[in-house]
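Please look over the sequence and the model shown here before reading on.

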Amino acid sequence: MDRSYKELLKLRRFPHTWCPGCGIGAVLKNVAMAIKELDWNYKNTVAVSGIGCSGRMSGYMNLDAVHTPHGRPLTAAETIKTVRPDLNVIVLSGDGDLGSIGGNHLLHTSRRNPNITVFCNDNEIYGLTGGQAGPTTPKGTKTLTSPRGEPYSPLRLGRILTQQPPYFYARTSVYHLNHFKTCIREALLWKGFSFVDIISDCIELNGRRLGFKTAYQMFKWFDQRFHIVEGERDHLQEDELGIAKALVEEVPKPAEKIEVKPEIPIESLKPFTLEELQQFDGSGGKPIYIAYKGKVYDLSGSLLFQGEKKMRCHIAGKDLTKDIDIAPHGEDLVFKFPLVGKIEG
Amino acid sequence: MKPRINVIWNEIYCKRCLICVEVCPVQVLSLERNEIEEKDGCIRCYQCERYCPDIAIEVMDEKGRG
């Protein structure tokens, strides 16, 4: 078994401070494994974390890391990605941080679609502060602040984040390990805002109140509550684990038509001398001809020359090669007009 | 780092959450006197190592002690 992911963890700080059986340790370990598999390292990866138990994840990773104020990991991550687009930015945070305090940032960061990956450790409770009902607590759950059962419906992060493409939303759990690893890997490889909602256990502050004795009993409870759905989905139901992703359908632009004028061989052109050319100055119903680089062009169709002998500074019926070279416009203005002859001599 | 028959158990990292004991499909791991002990019969499925959130248990490679 490949254990090289340990290079990405600060093992001298271990054992970590989370409770026995906490799912954040599994999230930390599997994210480190996935990053190592993709050969990302401390040179090209930044970890950003918010507040909560899961905020300590960035501190245990051997990466350049930012520990941001309450609810602001997404703003910091988007800033880092904007300033240094070459870095891979991952956000390691929890549901209380991303869903309630930083809920507004979640809406608008997902709307702007920066190329960052968010790992949300969703333990369905405010774990750090002692087990209060959080934004993702299911209806009817007994918590510290709702001893008769949470009366309100939870925030459905999946529905919020999949409201308009492009989006990448994956829901997985720490029990379904293979699915968990696939989701992490696909999210890291997704170009754009990707969000992995990891259903995790908080045995000490949530599980005990619900009647579970060990973390593994909570894992089995996840197995009963959720089932994995395969394939590409637009949305995930509340009891489904899977990946919902969509790209913006790009409307193909109509190809611009390029008109190719048939090139006339210079020998077949009508020869003009400079004296002959001077007669064609537009006076008396004659066409307006000018010479440019040895060729004569008919500028009768030009709006600027219409009805006038001269146009501000260019004089009709002359060789204007030097004038056009110093003019603010380019020579392509002349090439729009029909070629009628060449200058002799 | 305490070697058992097929696993190495790290007593400093371990928090005795008992995930490895319960996830083992052949029930060879157990907690006795606050230490993880191993009986004969490990089938080397690596489930304990994969599920351990504290990186406290490792299955030895075949070449090591097999």
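## A sheet in chain B

In chain B an open sheet of 3 strands runs in the order β1-β2-β5, with antiparallel pairing, where strands (E, at least two residues) and helices (H or I, at least four) are DSSP runs numbered from the N terminus, and two strands pair if DSSP finds at least two bridges between them. Its edge strands are β1 (2-3) and β5 (57-59) of chain B, each of which pairs on one side only. Strand β2 (residues 7-9) of chain B pairs with β5(B) in the antiparallel sense over 3 bridges, and V7(B) stands opposite V59(B) in β5(B).

## How the model is read

This is a predicted model, in which local features need pLDDT of at least 70 and side-chain atom pairs count only at pLDDT 80 or more, while totals for chains, interfaces and linings use all residues. Residues are numbered from 1 along each chain as its sequence is written, chains are lettered from A and ligands numbered from 1 in the order in which they are written, and side-chain values use heavy atoms, with hydrogens and water left out.

## Where chains A and B meet

Contact, meaning heavy atoms within 4.5 Å, joins 28 residues of chain A to 18 residues of chain B. The area buried between the two chains, that is, the accessible area (1.4 Å probe) that two parts lose on being put together, summed over both, is about 2,100 Å², and carbon and sulfur atoms give 56% of this. In chain A, the residues that lose the most area to chain B are M1(A), R3(A) and Y216(A), together 27% of what that side buries.

Between chain A and chain B there are 3 salt bridges, a salt bridge being a side-chain nitrogen of Lys or Arg within 4 Å of a carboxyl oxygen of Asp or Glu. The side chains of R3(A) and E49(B) form a salt bridge, at 2.7 Å from N to O. On the side of chain A that touches chain B, α1 (23-37), α6 (177-189) and α8 (215-225) of chain A each supply at least two residues, and the largest share, 4 residues, comes from α8(A).

## Salt bridges within the chains

Over all chains, the structure holds 17 salt bridges. In one of them R225(A) and E124(A) have their closest N and O atoms 2.8 Å apart, and this pair links distant parts of the chain, with R225(A) in helix α8 of chain A and E124(A) in the loop between β4 (116-122) and α5 (157-161) of chain A, 101 residues apart. R225(A) is partly exposed, with a relative accessible area of 25%, whereas E124(A) counts as buried at 7%; buried means under 20% relative accessible area, exposed over 50%, and partly exposed in between (1.4 Å probe, protein chains only).

In chain B, E37(B) and R4(B) meet in a salt bridge at 3.6 Å, N to O. This pair also spans distant parts of the chain, E37(B) being in strand β4 (residues 35-38) of chain B and R4(B) in the loop between β1 and β2 of chain B, 33 residues apart. Both residues belong to a network of salt bridges that links K2(B), R4(B), E11(B), E35(B) and E37(B).

## Two loop residues of chain A

H176(A) lies in the loop between β5 (167-173) and α6 of chain A, and H176(A) is buried, with a relative accessible area of 11%. Leaving aside residues up to four places away in sequence, H176(A) touches F222(A), D223(A), F226(A), I228(A) and L241(A).

K336(A) is in the loop between α11 (332-335) and β14 (339-343) of chain A, and K336(A) is exposed, with a relative accessible area of 55%.
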